[in-house]
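Please look through the structure below with the text beside it, and follow the paragraphs in order.

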Amino acid sequence: MEVLRPQLIRIGGRVYRKNPIQEQTYQHEEEDDDYYQGFVECAEEPCEAYEVVQTPQGFRCTVKAPSLLYKHIVGKRGDTRKKLEVETRTSISIPKPGQEGEIVITGQHRSGVISARTRIDVLLLTFRRKQPFTHFLAFFLNEVEVQERFLKFQEEVLEKCSMDHGVDSTIFQNPKKLHLTIGMLVLLSEQEIQQTCEMLQQCKTEFIDDISGGKPLEVEMSGIEYMNDDPGMVDVLYAKVHMKDGSNRLQELVDRVLERFQASGLIVKEWNSVKLHATVMNTLFRKDPNAEGRYNLYTADGKYIFKERESFDGRNILKLFENFYFGTLKLNSVHISQRFSVDSFGNYASCGQIDFS
């Protein structure tokens with residue numbers, strides 16, 4: 001990272017510079033990612049956007065955060081909090097581990113309280129992005145007809161293409177879990193799940209009802225495509241999903257939901273549009289039948305992980321099943337689905353949903 005061109009971090013419409021500083025290191029100590037590294041400045045909009053309350057003792061500001069992230073503000077032996085308090089001349093009160101509450105910042109000077117709040121926000125965002133995805137917004141695509149057609153697809157692929165490199169029964173999706181993902185979520189508390197439910201309800205009121213007309217969207221699931229650029233080395237093969245009437249309503253709906261959740265900070269902005277697809281084959285399933293189609297490359301404590309994948313040769317599958325018809329569906333609900341969990345029907349457990357009709 002260059003000093004004159006530091007990393008920019010966007011939080012709630014504001015952009016901050018993350019400037020590098022040299023930290024003192026101690027022999028025989030392991031590196032700790034929780035330790036605060038880097039001075040953060042407001043780069044664009046005024047930091048006065050924070051709600052700071054004047055008290056008889058000075059100034060006070062609160063930060064809502066899930067308890068799972070408290071340790072990243074405290075740091076090893078409390079070093080991160082101490083450093084923040086010294087540099088901003090504030091006092092930072094953090095709830096005990098496992099207890100939900102607010103981080104409270106107090107200080108004699110308003111500018112110091114704002115500076116501490118800004119740095120805490122950057123730390124929270126940094127480590128939130130390292131948490132594994134916990135939930136996702138999705139349509140379920142597991143109607144009986146589609147499941148039966150999917151099993152037919154699997155049977156024919158194994159019958160005609162099982163000699164192709166990497167093709168075997170272990171890489172097929174569970175038909176009960178067929179779905180169309182709108183966006184991935186990191187929800188670390190019941191309050192954040194409730195916030196997501198409320199945001200989804202707002203989307204329904206403000207634009208989903210208008211787009212859907214208060215009726216299920218009739219879609220067709222047909223044709224297959226692959227994610228990467230080499231059909232001979234495929235990791236994800238998916239079925240295409242489109243409106244039966246040829247309109248763009250499904251794409252418009254999911255893109256507006258994605259945009260709204262990105263603006264709220266509940267979904268990290270990676271794309272401007274949703275790729276409408278239903279995964280049918282994924283090499284992650286080869287070693288773990290319960291693996292998910294998409295995952296963070298970090299564990300819950302923020303450590304980087306690597307998942308080795310054995311790709312498969314999809315050229316014959318793409319040639320023989322290019323226009324395979326999986327069936328028609330009526331999409332009537334958007335679900336907040338919980339990863340690595342199943343309901344009584346074998347589908348992903350739903351923490352909340354909105355219905356079109």
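Of the 357 residues of the protein, 48% count as buried, where buried stands for under 20% relative accessible area, exposed for over 50% and partly exposed for what lies in between, with a 1.4 Å probe and protein chains only. The model is a predicted one, in which local features need pLDDT of at least 70 and side-chain atom pairs count only at pLDDT 80 or more, while totals for chains, interfaces and linings use all residues. Residues are numbered from 1 along each chain as its sequence is written, and side-chain values use heavy atoms, with hydrogens and water left out.

The protein exposes about 18900 Å², of which carbon and sulfur atoms supply 47%; such areas come from the Shrake-Rupley method with a 1.4 Å probe, and for residues only the protein chains shown count as cover. Among contacts between residues at least 6 apart in sequence, 73% join residues at least 24 apart, a contact being heavy atoms within 4.5 Å.

In soluble globular proteins, nonpolar side chains tend to be buried together. A nonpolar core is here a set of buried Ala, Val, Leu, Ile, Met, Phe, Trp, Tyr and Cys residues joined through side-chain atoms within 4.5 Å. The largest such core has 58 residues, and those with the most contacts inside it are Phe139, Phe153, Leu237, Leu250, Phe261 and Ile317. Helix H5 gives the largest share of this core, 7 residues. A second, separate core of 28 residues includes Tyr50, Ile94, Val113 and Ile120.

Among the buried residues of H5 are Ile193, Thr196, Met199, Leu200, Cys203, Phe207 and Ile211. An α-helix has 3.6 residues a turn, so residues three or four places apart point the same way. Glu198 also has its place in H5, but Glu198 counts as partly exposed because its relative accessibility is 43%. The C-alpha atom of Glu198 is separated by 9.6 Å from that of Gly352, 154 residues apart along the chain. Just after H5, Gly213 takes a positive phi of about 70 degrees.

How many aromatic pairs does the protein have? The count comes to 8, with rings of Phe, Tyr and Trp (its six-membered ring) taken as a pair if their centres lie within 6.5 Å, and with planes under 30 degrees apart called stacked, over 60 edge-to-face and the rest tilted. One of these pairs is formed by Phe139 and Phe356, which are edge-to-face at 6.1 Å centre to centre, with 75 degrees between the planes. This pair links distant parts of the chain, 217 residues apart, since Phe139 is in strand S8 (residues 135–140) and Phe356 is in the segment after strand S15 (348–355). Both Phe139 and Phe356 are buried. Elsewhere, Phe153, Phe172, Phe321, Phe324 and Phe326 form one aromatic cluster.

Some single residues complete the picture. His277 is found in strand S12 (residues 277–282) and counts as buried because its relative accessibility is 16%. The side chain of His277 reaches the backbone oxygen of Lys275 at 2.8 Å, and beyond neighbours within four places in sequence, the contacts of His277 include His179, Thr181, Met227 and Tyr238. Asn347 has its place in the loop between strand S14 (333–342) and S15, and it is buried because its relative accessibility is 2%. Not counting residues up to four places away in sequence, Asn347 touches Phe140, Asn142, Lys176, Lys177, Ser341 and Val342. Phe340 lies in strand S14 and has a phi near 55 degrees, a positive value in a residue other than glycine; Phe340 counts as exposed because its relative accessibility is 54%.

Technical notes. Helix = DSSP H or I, 4+ residues; strand = E, 2+ residues; numbered from the N terminus. Polar contact = N/O pair within 3.5 Å; in protein donor to acceptor, adjacent residues only side chain to side chain.
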